[in-house]
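Visitor: I would like to go through this model with you. Could you bring it up?
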Amino acid sequence: MIARAAAHDRISAALRSALDRAGLDEQEVIELLRARGVSISLATLERWERTGGIRLEEAVDVAAVYHMSLD
């Protein structure tokens with residue numbers, strides 16, 4: 001369980017960092033995701049950033065919006 005929590009912490013930090021590097025605000029991310037066919041709320045994006053709890057399918061789309069790989 002500790003390993004899972006550490007992984008979620010790393011994902012959470014990576015999501016916040018990617019947002020900053022992309023120079024986007026959260027609403028822009030939501031709109032770009034919507035253009036890719038992924039409809040989420042601001043609360044969902046904030047939860048992903050806070051908890052790191054994002055599914056792989058969603059992470060693929062977020063990575064594309066941020067112009068980065070999942071590595």
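Visitor: Which helices do the buried residues of α4 pack against?
Guide: The buried residues of α4 pack against α1 (2–22), α2 (26–35) and α3 (42–51). Contact means heavy atoms within 4.5 Å, and helices are DSSP runs (H or I, at least four residues) numbered from the N terminus. The model is predicted: local features need pLDDT of at least 70, side-chain atom pairs count only at pLDDT 80 or more, and totals for chains, interfaces and linings use all residues. Residues are numbered from 1 along each chain as its sequence is written, and side-chain values use heavy atoms, with hydrogens and water left out.

Visitor: Which residues of α4 are buried?
Guide: In α4 (residues 56–65) they are E58, A59, D61, V62, A63 and V65. Buried means under 20% relative accessible area, exposed over 50%, and partly exposed in between (1.4 Å probe, protein chains only).

Visitor: What does D61 form a salt bridge with?
Guide: Its partner is R36, with the closest N and O atoms 3.1 Å apart. A salt bridge is a side-chain nitrogen of Lys or Arg within 4 Å of a carboxyl oxygen of Asp or Glu. The pair links distant parts of the chain, since D61 lies in helix α4 and R36 in the loop between α2 and α3, 25 residues apart.

Visitor: How accessible are D61 and R36?
Guide: D61 is buried, at 15% relative accessible area, whereas R36 is partly exposed at 44%.

Visitor: How many salt bridges does the whole structure have?
Guide: The search finds two. E58 also forms one, with R55, the closest N and O atoms being 3.3 Å apart. E58 is buried at 18%, while R55 is exposed at 52%.

Notes
Helices (H or I, at least four residues) and strands (E, at least two) are DSSP runs, numbered from the N terminus.
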